[in-house]
Amino acid sequence: MNVSRARDLQDIRSHQEFERLCHELLAAEYNDYQAVAGEGGDEGIDGFRGNREIVYQFKFSVHRLRPGEYFADLDRVVKLYPLREWVLVIPRDPTSRLLDLARARARLYNIRVTILDRTALENLISKHSTIREKYFPELAREATVLRLHKRIATKDDVRRLQKEVRANRPVKLHAVPPPESLTPLHRKEIQKAADKIVRESRGKIKYGQVFSMLKNEFGEVDNWYWIPDSRFPEVSKWLHNFTYGVRDEYGVRDSVTLLKGVIQSERRQLGLSDSEYKELLLQLTGVDSTTKMDKEQLLSVRDYFNLLIARGA
């Protein structure tokens, strides 16, 4: 494929072209990035940082792969190197099933599993203009036109500014978030958690209050969006604990039926098989099914599973 004709990520039609683009983006973003030469990389590794503590795996296919196929290389690589983080690089946005599997693998191997998806790649392409001009010349020309357009103030712009000055209203300035701030994918995960907190409080805690507390907890930023992405695991743990605190305060989890539902949800988060699940229930309560438990036993199981989830977050 002739790279000069590529319009955007959707127009890339080969693994080789996608691989070259990813190598160049990651090398431009990280000084210590090292590409692994050869078709398919080395032992399921397309690139790495440090002493293979952070490993990158590119997955490109014209047709969408089954979610489990994305992690076959991780299951092999994790046995070979002391991984701290495994990064899956894909040219499309992930499905909810793929995100669930990524979280399950992270808990299973006790490492960070990150998905560098279409949104994140497009952000890197926008950031590194030289690469954008090389692979996406039409996008580069559009960006140049937009920059020039923004520099030209129309008569309407001038009239609006004059009215603001006369009304003693300041002109609004839009700050640019730092490059290390939360990724769009992680912001979406945080917003879902905030929605859950509002629901659990039955509307007594407002959406804005959650983000105000979040910003104060991970302070020194003007906007919660600007929290460094490296602190996302801490943010997730804080939101998880906040949710359970809200449930305690507003009495949402008193009923036995609801407790059983919570335990089943936690079981899915932990990825427990039937045999592992029953063995844990026996160890904790002496019975192997929640249908045989009283409320106190259910509470002990729920709290123990909650502790396991918090440790893995």
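**Charged pairs and their surroundings**

Modeller: Arg103 forms a salt bridge with Asp100, and the closest N and O atoms are 2.6 Å apart. A salt bridge here is a side-chain nitrogen of Lys or Arg within 4 Å of a carboxyl oxygen of Asp or Glu. The model is predicted, so local features need pLDDT of at least 70 and side-chain atom pairs count only at pLDDT 80 or more, while totals for chains, interfaces and linings use all residues. Residues are numbered from 1 along each chain as its sequence is written, and side-chain values use heavy atoms, with hydrogens and water left out.

Stay with that pair. Arg103 and Asp100 both belong to helix H3, residues 96-109. Three residues separate Arg103 from Asp100, about one turn of the helix. Helices (H or I, at least four residues) and strands (E, at least two) are DSSP runs, numbered from the N terminus. Arg103 has 35% relative accessibility, so Arg103 counts as partly exposed. Asp100 has 38%, so Asp100 is partly exposed too. The cut-offs are under 20% relative accessible area for buried and over 50% for exposed, with partly exposed in between (1.4 Å probe, protein chains only).

Asn110 sits in the loop between H3 and strand E5 (112-116). Phi of Asn110 is positive, near 55 degrees, in a residue other than glycine. Most residues other than glycine have a negative phi. With 63% relative accessibility, Asn110 counts as exposed. Arg52 has a positive phi as well, about 60 degrees, and is not a glycine.

Side chains of opposite charge can pair when their charged atoms come close. Glu122 and Arg118 make a salt bridge, with the closest N and O atoms 3.0 Å apart. Helix H4 (residues 118-127) holds both Glu122 and Arg118. Here the spacing is four residues, again about one turn of the helix. Glu122 is partly exposed because its relative accessibility is 32%. For Arg118 the relative accessible area is 24%, so Arg118 is partly exposed.

Next pair: Arg231 and Glu234. Their side chains meet in a salt bridge at 3.1 Å, N to O. Arg231, at 28% relative accessibility, counts as partly exposed. Glu234, at 41%, is also partly exposed. There is a network as well: Lys59, Asp73 and Arg76 are joined by salt bridges that share partners. Over the whole structure, a search finds 17 salt bridges.

Now the helices. Ser236 lies in helix H10, residues 232-250. Ser236 has a relative accessible area of 26%, so Ser236 is partly exposed. In sequence, Ser236 and Ala310 are 74 residues apart; in space, their C-alpha atoms are 9.1 Å apart. Another contact across the sequence involves Lys196 and Thr243. They are 47 residues apart along the chain, with 7.4 Å between their C-alpha atoms. Lys196 belongs to helix H8. Lys196 counts as partly exposed because its relative accessible area is 33%.

H8 also has a packing partner. H8 (residues 184-200) packs against helix H9 (residues 207-217) at about 125 degrees, and the axes are 9 Å apart. Axes are lines fitted to C-alpha atoms, for helices over the stretch in contact, and angles run from 0 to 180 degrees between N-to-C directions. H8 and H9 are therefore oblique to each other (under 35 degrees is roughly parallel, over 145 roughly antiparallel, 65 to 115 roughly perpendicular, the rest oblique). H8 passes H9 in a right-handed crossing, meaning that the near helix is turned clockwise from the far one by less than a right angle.

Leu284, Tyr304 and Leu307 make a nonpolar surface patch of about 220 Å². Leu284 is part of helix H12, residues 274-285. Leu284 has 32% relative accessibility, so Leu284 is partly exposed. Patch residues have over 30% relative accessible area and no salt bridge; like charges are joined within 9 Å, nonpolar side chains (Val, Leu, Ile, Met, Phe, Trp, Tyr) within 5 Å. Areas come from the Shrake-Rupley method with a 1.4 Å probe; for residues, only the protein chains shown count as cover.
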